[in-house]
Amino acid sequence: FRGYTIRATSVVFSPAGHLLACGYSDETVRIWDIHKRRCLTILRGHSNWVMTVAFSADGHLLASGSSDCTIRIWEVATGKCLNVLKGHRDQIRALGFQAEGGKLISGGYDQILRTWELDTGQQTRIMADHPDWILTMTFHPHAPALVTGSEDHSIRMWHARTGELLTSFEGHSGRV
């Protein structure tokens, strides 16, 4: 992947491991074939840096979150934008698809976790308990748990279906 001069801000492997999606400072997402080391498609539509990308568990969908405060849902096979999700008031830094249930969770500089229904694009839940930026998230592979890391030096674990805060891990000396 040498020779590309635009800043990559986020990278993620597809569930099957043969694709790599990258968000870039030029407002695009590129999907790369890692074996052939070539770009398969360039996804355009954001109006500011793409800060985070996430594949759905089946690899058919890709979500991208941007400094333009929007999330775009892309069909990987065609590169078509299926939906634009709006509701965040600042850049989006973390995205994750729930393994079941057709939902996406997002977080960012507005300190709010939002749950979205993929079929309608509507917000179904807002969780706001970080007093600072949400920078990263991951789902537990075998339980309905979501973990977030923040500028506030904490890690928090949530019940992914109910939004209940389960526990906090405090004491880090810097952002997570």
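**Ala63 and its strand**

Author: Ala63 is found in strand 6. Helices (H or I, at least four residues) and strands (E, at least two) are DSSP runs, numbered from the N terminus. This is a predicted model, where local features need pLDDT of at least 70, side-chain atom pairs count only at pLDDT 80 or more, and totals for chains, interfaces and linings use all residues. Residues are numbered from 1 along each chain as its sequence is written, and side-chain values use heavy atoms, with hydrogens and water left out.

Reader: Is Ala63 buried or exposed?

Author: Buried means under 20% relative accessible area, exposed over 50%, partly exposed in between (1.4 Å probe, protein chains only). Ala63 is buried, because its relative accessible area is 0%.

Reader: Which residue is the bridge partner of Ala54 in strand 6?

Author: Strands of a sheet pair through backbone hydrogen bonds, either parallel or antiparallel. Two strands count as paired if DSSP finds at least two bridges between them. Here Ala54 has Ala63 as its bridge partner. Strand 5 and strand 6 (residues 61-66) run antiparallel, joined by 5 bridges. In strand 5 (residues 50-55), 6 of the 6 residues are buried. The hairpin of these strands has 5 residues between them, and Gly59 takes a positive phi near 80 degrees.

Reader: What does Ala63 touch?

Author: Contact means heavy atoms within 4.5 Å. Leaving out residues up to four places away in sequence, Ala63 touches several residues, including Thr52, Ile71, Leu95 and Phe97. Ala63 and Phe97 are 34 residues apart along the chain, with 8.4 Å between their C-alpha atoms.
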